[in-house]
Amino acid sequence: MSGRNRVIALVAVLLAALIGAGGYVWNVRKSQAETLASAPPVDQGGDLQSLRTQPHIVFRSNALGETYGRVAVVPLSAPNGPRAFTPASCERVYATSADTICLSAQRGLVTTYQSRLLDAGWNEARELPLTGLPSRARLSRDGSLVATTTFVYGDSYANPGQFSTRTVVTRTDGEVVGDIEKFKLVVDGKVITASDKNLWGVTFADDNDRFFATAASGGKTWLVEGSLQARTVTSIRGDVECPSLSPDKTRIAFKKHGDLPAGKWRLAVYNLRTGTEIELAETRSIDDQAEWLDDSTILYGLSHNTDGSASSDVWKVPADGSGKPEVLISDAWSPAVVR
Amino acid sequence: MYVSLRDRPGADSGKSGTIRRVSSTVVLLGVVSLLTDVSSEMVASVLPLYLTAAVGLSPVAYGFLDGMYQGVSAFLRIAGGYAGDRGGQPKWVAVLGYGASAISRIAMLVATGFAAITAVVTVDRLGKGLRTAPRDALIAEASDPKMLGRAFGVHRTLDTIGAALGPLVAFALLAAVPGSYDSIWVVSFAFAIVGVAVLVLFVPNLRTAAGSARIGLRRTFRAVSGRRLRRPLIAAGVLGLLTIGDGFLYLSLQERDDFAAVYFPLLYVGTNIAYLALAVPLGRLADRVGRARVLIAGHGALLAGYLVAALPAGGLGLTLVVLLLLGVFYAATDGVLPALVSRLVPDEARGSGIAAAQTVVALARFASSLAFGLLWSLQGPSWSLLLFAGLLTAAIPAVAWLLRGVDAEATA
């Protein structure tokens, strides 16, 4: 091929690449804008102040439009009715009657994430340490302890050891209790020190010392019970991720992998007294830390994909394996039930 | 005559010798690497987010993919180097490697499950393994032997510019079309295809076999395991065993330092800037004072980096010092090692020789990462860093002794 023809061929490839890729991106942008424009307005209503005084659900509203990503509140009596919007925007949110923990992202050249405690007026009361990509957040019942889980990773995924979770427990007054990954992990009586050890998804008991969480090492996961004072975590049973303790403290809702394909889970409830496990009527794969609506109903987020834009709904399903799943709040994520 | 030292006509375009430029082939290969690295780093920078947030992989499944990614390319390197030597067509072996990686980008559009994504990532790494050694053999073939360090420096600089641009392009795209990972794969594919086009259309297929008969597997093996290469390979292996992944260094910085924790992804950028600024000057220095010497000095910088990272104190200043030292280490080793090795093997086995050295380093570093990860969890980062620093302190004089005279041998 002559030099001239080579240049012509390169210009042709360049143009094809430019037009092809540019056109693709432009098309995606256009369809995203259309989806946004045609989104029905969210039903807003309710008074934040008075909602605080009655049982309510705090969640991240995913309805498209200006309020996308904002934290909203609905009364427990009308979960799918009008929602009252708070000024806060969070990727993950959890709340008690006094405090709210909000994990948020600041997108930019380097996306950074923040963990903020919000006071009763939804204003920032304190910033807590946070590293990595927000994954889970929980407060203890009385609001004195907070646990956050993040995925920690570097820019390159080519180095072993660069990816892990980090789960930090902090007192809401700002004192850091510690990274529970550094606690002593005991599985079936043996201390685990493997480098791939990860812990995530904390749920607190009521005494402000005990907690439950997920531990993983060597491709296995366990439900662990931990003590903040003793700085230990001990395995209770295998194949449990993201536990959530029921209000009456007798059962744990969790997601299990079982013999499902990689990256799929299903919801189950484990009875701490009897040691029995019930799989719930929800058969789709759930990747969320479940929340208890009351002692007989489980809430969880499930994503849906319509017109190329991803959103999610909050679903409910009976905790005893009966019934069938129903949408509780549409276009919502990260529910916290406050009574 | 074991090593031929022909100067290629045209490789040295300087008029009377004072201002010498690297060959246009080296610059073109650098441009190919730049475009390919924009493509691969775009994907690399969003993949963790995509896999955990959009695909929903658990950390455990992710960890598996992570290790896979590292291990896969090491063995294919030897195959790529040998294939380039054997057929005398290093360019087309490189095209195959770059092409495989390009195709893996567009395959991300349809790969949804864990198995499919693992397969796609594997094809990408196979491509990388295949192309590296024949490409470096082409660089060595196109360059004046006295300027090899500089030639590799120029190539690695262009390569690193691409690696730095990739994440920027990806973040800009995600800002324009939030959540559209498909757009990332498509644009990444476009960059990769233009890179392959430059390679196919403009890089000459320099025959490393130098017109002689094709070399057999046995002769290649003899050349690679021969006396001249043995000591450098052992040295590279020992040093590789004491080189912990930068991921671990970053994690230990993050462990002690709030700044490093918040701006974790920027640590990588900082190292790259130092590398970018130093690759050419250190390559030239290697040509002047000896490649083995610069290689060893680079590990001295790494040793200093371990020690600073192990300090109980933190802060922005100390973090920057570590990043600078790490950049010096990469600039003094990444291009210098192939420059050193390529003159120690006969022309017709050059790709295999370079591949052997790079594979030894890759495998040794992989083993070192596993060992360091284990030590970290048993004894914590500072203790482990100090142990590796101690071992490296002992290894550096030993390696200097091993490599004595190697530079003279390469240029004699």
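**Briefing: cores, disulfide and sheet**

In chain B, the largest nonpolar core holds 61 residues, and B:Ile244, B:Tyr306, B:Leu385, B:Leu392 and B:Leu403 touch the most other members. Such a core is a set of buried Ala, Val, Leu, Ile, Met, Phe, Trp, Tyr and Cys residues joined through side-chain atoms within 4.5 Å. This is a predicted model: local features need pLDDT of at least 70, side-chain atom pairs count only at pLDDT 80 or more, and totals for chains, interfaces and linings use all residues. Residues are numbered from 1 along each chain as its sequence is written, chains are lettered from A and ligands numbered from 1 in the order in which they are written, and side-chain values use heavy atoms, with hydrogens and water left out.

**Cores of chain B**

- H12(B) supplies the largest share, eleven residues.
- Leaving aside residues up to four places away in sequence, B:Tyr306 touches B:Leu242, B:Thr243, B:Ile244, B:Leu249, B:Leu385, B:Phe388, B:Ala389 and B:Leu392. Contact means heavy atoms within 4.5 Å.
- A second, separate core has 55 residues, including B:Val95, B:Val120, B:Val121 and B:Ala142.

**Chain B overall**

- Chain B has 17 helices and zero strands. Helices (H or I, at least four residues) and strands (E, at least two) are DSSP runs, numbered from the N terminus.
- Of the 412 residues in chain B, 60% are buried. Buried means under 20% relative accessible area, exposed over 50%, partly exposed in between (1.4 Å probe, protein chains only).
- Among contacts in chain B between residues at least 6 apart in sequence, 84% join residues at least 24 apart.

**Cysteines of chain A**

- A search of the whole structure gives one disulfide over all chains. The criterion is a pair of cysteine sulfur atoms within 2.5 Å.
- A:Cys90 and A:Cys102 are the partners, with S to S 2.0 Å. The link is left-handed, at -110° about the S-S bond.
- A:Cys90 sits in the loop between strands E3 (84-89) and E4 (92-95) of chain A, and A:Cys102 lies in strand E5 (residues 100-106), twelve residues apart.
- A:Cys90 is buried at 1% relative accessible area. A:Cys102 is buried at 0%.
- The sulfur of A:Cys242 is 19 Å from the closest cysteine sulfur, in A:Cys90, too far for a bond. A:Cys242 is buried too, at 1% relative accessibility.

**Hairpin around the disulfide strand**

- E4(A) and E5(A) form a hairpin with four residues between them. They run antiparallel, joined by four bridges.
- A:Tyr94 has A:Ile101 in E5(A) as its bridge partner.
- Both faces of E4(A) are covered: A:Arg92 and A:Tyr94 on one side, A:Val93 and A:Ala95 on the other, are all buried.

**Six-stranded sheet of chain A**

- Six strands form an open sheet with mixed pairing, in the order E13-E12-E17-E16-E15-E14. Two strands pair if DSSP finds at least two bridges between them.
- E13 (190-192) and E14 (198-204) of chain A stand at the edges, each with a single partner strand, so one side of each lacks a neighbour in the sheet.
- Strands E12 (residues 184-187) and E17 (residues 232-238) of chain A run parallel, joined by three bridges. A:Lys184 stands opposite A:Thr232 in E17(A).
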